Protein chains: 2
Amino acid sequence: MFPRGFRCASRNVGLKPSARDLTLFASDVDATAAAVFTRNHFPGAPIILGRETIKGGVLRAIIANSKVSNVATGLRGVEHARRMAAAAAAELGTSPDRVLVSSTGVIGVPLPIEKIEAGVVGMTADLQSDPLVGAEGIMTTDTHPKALSASVGNATITWVAKGSGMIEPNMATMLSYIFTDAAFDASTLDQLLRSAVATTFNRLSVDTDTSTSDTCAILANGLAGTVEASAFLAVLTAGCRRMTETLARDGEGAEHLVRVTVRGALNEGEAQVVAKSIVNSPLVKTMVHGADPNVGRLLMAVGKCFDCTIHPGSTDAWINGFQVVGHGERLPFDDAVVRETLSREVVDLTVELGVGSGDAVAYGCDLTKGYVDENASYYSS
Amino acid sequence: MFPRGFRCASRNVGLKPSARDLTLFASDVDATAAAVFTRNHFPGAPIILGRETIKGGVLRAIIANSKVSNVATGLRGVEHARRMAAAAAAELGTSPDRVLVSSTGVIGVPLPIEKIEAGVVGMTADLQSDPLVGAEGIMTTDTHPKALSASVGNATITWVAKGSGMIEPNMATMLSYIFTDAAFDASTLDQLLRSAVATTFNRLSVDTDTSTSDTCAILANGLAGTVEASAFLAVLTAGCRRMTETLARDGEGAEHLVRVTVRGALNEGEAQVVAKSIVNSPLVKTMVHGADPNVGRLLMAVGKCFDCTIHPGSTDAWINGFQVVGHGERLPFDDAVVRETLSREVVDLTVELGVGSGDAVAYGCDLTKGYVDENASYYSS
């Protein structure tokens with residue numbers, strides 16, 4: 001369920017054979033807005049335009065297509081992104097600088113802008129209140145549409161996201177849109193978004209590969225009035241965490257959500273480096289996939305963080321709550337029991353470094369033959 | 001063929017069911033020696049001992065076992081490594097501080113030291129001149145033993161190595177032993193080794209995972225007299241490069257050697273970061289596996305080097321000599337032709353950054369279902 005004043009629509013406009021490939025999210029009134037984007041040096045044309053658009057701090061709509069990402073397409077790509085914003089603005093009766101554009105899909109292919117311009121005509125008539133309709137229109141290799149809602153005070157927050165592979169956000173993530181009817185000024189909204197993203201979407205990695213299209217935007221149309229900021233941040237962060245876990249679990253080919261908790265690092269930054277090293281290690285990921293408690297791989301992944309403070313003698317580790325390493329040495333444990341817990345859908349790996357008070361959690365998934373299958377045959381041109 | 005005065009032997013001593021699992025390399029006379037080891041914070045017991053041993057700069061022998069790595073085994077592990085050196089020294093009639101010890105295999109399992117002590121007895125009688133016999137005894141998931149020889153001046157250099165997974169050396173690599181009858185003092189030998197390793201073994205990555213046991217050692221027994229250092233370094237480096245390519249090609253599950261050349265980076269350090277980013281990208285690795293010229297993935301992997309100087313407009317890229325990116329945009333190219341070249345055993349990816357004069361080459365392999373198979377079921381306890 002959307003917050004007051006938000007609706008969405010999606011349809012097939014011919015980019016994909018028959019699945020929905022164009023999505024429109026709209027607010028009935030202008031909303032204050034904030035966004036974070038990928039740090040990749042080759043940002044897509046929509047990112048280049050989006051950085052300009054978001055400076056205004058006001059949005060009425062988001063228009064997003066799947067199938068073609070409009071990346072590595074040069075000046076023509078940016079022109080296409082502008083035409084896409086203008087088409088949505090004309091349909092909604094607003095100005096192009098109040099429309100955020102996203103494109104996701106294959107890199108290096110010209111955007112079929114004519115199909116999008118023709119396809120967006122009449123979409124206002126389709127606008128309705130189920131966020132999943134919008135979520136479906138932005139899917140690429142996702143196995144299911146992703147949306148969730150929560151309430152805080154008198155307001156509602158709704159998250160809609162997509163993302164499955166090429167995911168290690170370092171500034172934002174995939175496409176992730178957040179809608180609320182709470183009232184905030186743009187500067188406060190920006191701070192709240194960055195704070196929530198730092199410990200959620202920025203701690204997610206499916207495959208270490210940072211997309212050129214990552215976008216996380218929030219729109220607050222104020223129709224529910226003011227909400228206390230710290231309460232809002234708590235709910236915002238919890239929802240971003242839940243969506244992060246949902247994206248990790250639906251990583252390409254994934255069969256498990258892997259949650260890595262690192263405690264007792266020198267500081268939070270080093271905790272994050274170690275947690276990411278573990279969650280990204282192909283040998284840890286295949287260990288989870290094989291439900292094989294090969295705990296040496298955990299130590300290996302900790303130990304390869306060359307620039308972090310690691311004391312082998314103070315390092316402990318747990319798999320799903322069972323301690324498997326004490327003071328840097330493998331402990332005897334019931335192999336069959338730990339192996340059984342590794343077959344759960346959610347796998348928790350915990351490392352205590354014992355050198356400080358820095359904590360961090362990272363989110364990822366196992367590495368499967370399904371990942372290889374999907375990415376060895378992904379449509380390329 | 002070994003250089004003068006070097007021989008080796010290997011046998012099964014009961015660590016593996018029947019394959020050779022213990023190897024002895026010996027020089028007839030004392031050899032000057034140098035070595036580099038893993039930078040992993042959890043070095044195996046043999047590394048802890050080896051760093052002490054190599055300070056003397058003199059070795060007579062190397063003893064190495066496969067199947068159990070003697071890592072994460074605490075003080076008892078170091079004691080076992082010392083006993084292994086002593087057993088080899090007794091068999092050869094030298095002192096334990098002239099024997100380098102290596103162990104490779106599963107982490108966190110006690111070394112079956114009694115089997116090794118009993119098994120080494122009588123090995124001097126087996127010493128013979130084929131390096132492949134030694135190479136076979138140190139194999140783990142390698143699909144074939146790896147040795148090669150070259151001559152320089154009056155001297156010979158022989159390389160023996162193993163390594164297939166858990167490979168991203170950052171200081172040295174896997175187990176890699178180099179034998180020569182050239183004469184060098186220990187300090188010069190150390191400089192030559194570090195220089196050769198920097199652009200070869202340190203540019204290799206199978207899976208980003210840095211082993212806890214990496215060792216690269218060189219023994220120079222001087223029986224061929226002096227050799228001009230720069231000529232020696234050239235041959236030493238060429239052989240290390242050839243062995244690096246051999247290890248990459250035999251990466252776990254690999255079907256292709258992937259060679260990534262980055263030119264025109266701000267400096268050599270940034271060239272190395274970008275080359276490693278490409279060679280380690282799961283999406284680039286699966287692109288090679290699928291022979292699918294999805295060139296956006298190349299740009300993505302360049303662009304995620306956040307801290308490097310990247311100018312999209314000056315970035316060009318080639319797949320096996322065919323230009324696919326110009327000025328940061330995907331160029332039209334004959335998809336079928338490029339696809340056909342991607343099915344070659346050796347795949348060359350080249351990126352020109354156009355911002356400086358830093359060059360680097362990195363070596364890796366494709367990501368296959370074979371890697372997942374091998375590592376989801378690797379013996380764990």
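**Domains, chain contact and a buried helix**

Q: What separates the centres of domain 1 of chain A and domain 2 of chain A?
A: In this predicted model, the two centres, taken over C-alpha atoms, are separated by 33 Å.

Q: What makes these stretches of chain A domains, and where do they lie?
A: Domain 1 spans 6-249 and domain 2 spans 257-365 of chain A. They are called domains because an automatic or database domain assignment sets these bounds.

Q: How many residues does the contact take from each domain of chain A?
A: Domain 1 of chain A gives nine residues and domain 2 of chain A gives eleven residues. Each counts because its C-beta atom lies within 7 Å of one in the other domain. On the side of domain 1 of chain A that touches domain 2 of chain A, three residues are nonpolar, three polar and three charged.

Q: How many residues of chain A and chain B are in contact?
A: 53 residues of chain A are in contact with 53 residues of chain B. Among the elements giving two or more residues to this side of chain A are α8 (282-289) and α11 (369-376). The largest share, six residues, comes from α9(A). By class, this side of chain A has 21 nonpolar, 23 polar and nine charged residues.

Q: Why is α9(A) called largely enclosed by the rest of the structure?
A: A residue is buried if 20 or more other C-beta atoms lie within 10 Å of its own. In α9(A), the buried residues include Gly296(A), Leu299(A) and Gly303(A). Eight of the eight residues of α9(A) are buried, and therefore α9(A) is largely enclosed by the rest of the structure.

Key
Residues numbered from 1 in each chain as written. Chains lettered and ligands numbered in written order. Predicted model: local features only at pLDDT ≥ 70, side-chain atom pairs only at ≥ 80, totals over all residues. Contact = placed C-beta atoms within 7 Å. Helix = DSSP H or I, 4+ residues; strand = E, 2+ residues; numbered from the N terminus. Nonpolar A, V, L, I, M, F, W, Y, C, P; charged D, E, K, R; others polar. Buried ≥ 20, exposed ≤ 12 C-beta atoms within 10 Å, placed from the backbone.
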